[in-house]
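Look at the model first, then read on.

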Amino acid sequence: MKGMTMTEKIIAKHCGKDFVQAGMLVMADLDMILANDITAPLAIDEFVKAGFDKVFDKEKIALIMDHFVPCKDIKSAMQVQKTKEFASKIGIKHFYDIGVSGIEHAFLPEKGLVKAGDMIIGADSHTCTYGAIGAFSSGVGSTDFAVAMRTGQSWFKVPKSIKFELVGKPKKGICGKDIILHIIGKIGVEGARYCSMEFVGEGVKYLNMADRFTIANMAVEAGAKNGIFEVDEITHAYLKEHCTMPYNVVTADSDAEYYKTYTIDLSEIDYTVAFPHLPENIKKKEEWGNIPIDQVVIGSCTNGRYEDMLAASEILKGRKVANGLKCVIIPATQDIYLKCIQNGLAEIFIKAGAVISTPTCGPCLGGFMGILAKGERCVSTTNRNFVGRMGHIDSEIYLASPAVAAASAILGRLATPEDI
Amino acid sequence: MIVEGKVFKYGDNVDTDVIIPARYLNTQDHKELAAHCMEDIDKDFASKVKEGDIIVGGNNFGCGSSREHAPIAIKASGVSIVIAKSFARIFYRNSINIGLAIVECDMADKINNGDMVQVDLDNGLICNKTQGWSAQVQPFPEFIQNIIKNNGYINSVKKQLGGK
């Protein structure tokens, strides 16, 4: 029997086989499935239309209201209402509205509802985030979610795996966002299309959980089906703190087959920014030039964790955002929001002239809480800089780390912390 | 199944944000979504597209979010099939799941805006009537043909479960 990658091992275990390999079509059992206030209503329509009246497991479905909440308009409110009524009627345990949750991909690991070894699908493309804790997790659409709610299963083509061997120690100030943008710049937005991105190597130990969540989160931006990290002491410590359920650790076999292997030297990575209008459009600091900025957004499922807030606060402390610049800071969950208040970060942000929003995906997808006008430029810690993503089709998004975003907010132009 | 229509041609990396911008994701109404289809990349698309027309893209068509609203908007616009050099995986899966025909073709970049194209899905044959050439593509495997025959994944599962 040939060796298997981490992804192959998790899939094999969930379809009752000893062995699977890239290219095989399998039907797999799911440990957790999720949807949000945009994708759940569509799935509910399909579920009801099909005449289904029960779900596979009331405790393995999570419905998190996070995209357009607190509801931005009547239609959004109707979507939340529809999801809430459905959850109540069916008896779904994990329904989360505002006040008790946050952005799904920050909230579910924090709540301990996803864990190492799990097979997870979510009707949201950034579901791949949970690879950070050693799970197989992948984004799907509303129909796949609707079917999975009823059957607890989904079909998969076992993906080819690409190994990213991380070596070296990142320089001071360089975080997960710089690393994943660097990787996407190297392989392109379809460089891992349909593949699994497996992050291994001695460099992993220098990455905290927030870094790993950010990296796995943006695997989809390289076209990947999932991104996954090896479980180590840092992962165990995180799971111990957040999750009460037992979990399974998988490691790749030494003779596992990889479609490609890249060695990424973390010590060579600098502050990395993706210019409009693709996440692969990476430019080196020397190529930036003078780019005046109108808005800065710090938050999202990519970079709305406490470590991200902390990185931003260290730069904003005792300083003011540039005159006329709008700075929107969005802690990803209620717990992170509270911690920002308790530890004095909220005061730093407000004194600097930033606004702090309650948890929401909001501006990341051009929903609300910071929509761009014609010609406006935004440095954002979010994940996509497509045309019109955050507002007007003639606006621009520069994807960056919380540190670069905070420095840009102070100087009113695209800048690094060293420029201050 | 044979479809034929006029081509609306786009480039590489057509993302789901331009197919249906998030500002319209507060509805599930298919017609309303269709009214804004492709709006941020081609503001005339919704008014010009006719039943049976074909969208042709380059590499990585449908990249970005998992919103099923994107293939729904395209299907509800009357588009009979999307042809591209390659597709992003969630979009590909969603299209099949809702019964929107979708096919990968290496020759996609040879097809021009406004060409008349015919596609024989069962036999995997693409015929560019304007330019006078044909290309063979991979026909759907059986389990995908079944999903399309049953008008979507949910219906095929319903049939399998006997309704409950």
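Helices (H or I, at least four residues) and strands (E, at least two) are DSSP runs, numbered from the N terminus. This is a predicted model: local features need pLDDT of at least 70, side-chain atom pairs count only at pLDDT 80 or more, and totals for chains, interfaces and linings use all residues. Residues are numbered from 1 along each chain as its sequence is written, and chains are lettered from A in the order in which they are written.

**Pockets**

On a 1 Å grid over the protein atoms alone, a pocket is an open set of points where a 1.4 Å probe fits, with protein on both sides within 12 Å along at least five of seven lines; lining residues have an atom within 4 Å of a point. A volume is the space filled by probe spheres set on the points, which are joined across faces, edges and corners.

| Pocket | Volume | Lining |
|---|---|---|
| Largest | about 720 Å³ | 26 residues |

Strand 7 (153-157) of chain A and helix 5 (89-98), strand 4 (101-104) and helix 6 (142-149) of chain B each supply at least two lining residues of the largest pocket. Nearest its centre lie A:Lys157, A:Tyr194, B:Tyr92, B:Glu104 and B:Ile144.

In the second largest pocket, helix 11 of chain A gives the most to the lining, with 6 residues.

**Helix 13 of chain A**

Buried here (under 20% relative accessible area, 1.4 Å probe, protein chains only) are A:Leu345, A:Ala346, A:Ile348, A:Phe349 and A:Ala352. They lie on the same side of helix 13 of chain A, because they cover an arc of only 160° around the axis, taken from the directions from the helix axis to the C-beta atoms. On the other side, A:Ile350 and A:Lys351 are exposed (over 50%).

Methods
Heavy atoms only, no water.
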